[in-house]
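Me: I have a structure open and want to go through it in short steps. Can you help me read it?

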Amino acid sequence: MTSFIIALAVLIGGYFIYGLIVDRIMDTDAGQPMPAITRHNNVDFMPMPAWKHFLYNFSA
């Protein structure tokens with residue numbers, strides 16, 4: 001059980017650390033609107049609710 005908790009902590013920590021590294025490399029701007037807003041056409045670009053984004057991230 002201890003090894004499971006350690007592995008889970010490493011995975012969660014790695015998720016956040018990797019996110020910070022990618023954010024610095026890509027030099028993202030949180031204030032810039034997303035393509036789903038700027039190119040909205042109801043085919044390829046359309047805004048989705050946050051719960052759908054959550055499901056898409058964890059289904060892969």
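What follows is a short chat about the helices, loops, surface and pocket.

Me: What kind of model is this, and how are residues numbered?

Reply: This is a predicted model, where local features need pLDDT of at least 70, side-chain atom pairs count only at pLDDT 80 or more, and totals for chains, interfaces and linings use all residues. Residues are numbered from 1 along each chain as its sequence is written, and side-chain values use heavy atoms, with hydrogens and water left out.

Me: Where is F4?

Reply: F4 sits in helix α1, residues 2-26. Helices are DSSP runs of H or I with at least four residues, numbered from the N terminus.

Me: Which residues form the nonpolar patch on the surface?

Reply: The patch consists of M1, F4, I5, L8, I12, Y15 and F16. Together they have about 830 Å² of accessible area. Such a patch takes residues with over 30% relative accessible area and no salt bridge, and joins nonpolar side chains (Val, Leu, Ile, Met, Phe, Trp, Tyr) within 5 Å. A salt bridge is a side-chain nitrogen of Lys or Arg within 4 Å of a carboxyl oxygen of Asp or Glu. Areas come from the Shrake-Rupley method with a 1.4 Å probe.

Me: Is F16 buried or exposed?

Reply: F16 is exposed, at 53% relative accessible area. Buried means under 20%, exposed over 50%, and partly exposed in between. F16 lies in helix α1.

Me: What about N42?

Reply: N42 has a positive phi of about 60° and is not a glycine. N42 is in the loop between α2 and α3 (50-59). N42 is exposed, at 55% relative accessibility.

Me: Last topic. Which residues line the largest pocket?

Reply: The lining is M34, A36, I37, M46, P47, M48 and H53. On a 1 Å grid over the protein atoms alone, a pocket is an open set of points where a 1.4 Å probe fits, with protein on both sides within 12 Å along at least five of seven lines; lining residues have an atom within 4 Å of a point.

Me: What is its volume, and how does the lining divide?

Reply: The largest pocket has a volume of about 160 Å³. Its lining has six nonpolar residues, one polar and no charged.

Technical notes: Points joined across faces, edges and corners; volume = space filled by probe spheres on them. Nonpolar A, V, L, I, M, F, W, Y, C, P; charged D, E, K, R; others polar. Patch = residues over 30% accessible without salt bridge, like charges linked within 9 Å, V, L, I, M, F, W, Y side chains within 5 Å. Helix = DSSP H or I, 4+ residues; strand = E, 2+ residues; numbered from the N terminus. Buried < 20%, exposed > 50% of the residue type's maximum accessible area, 1.4 Å probe, protein only.
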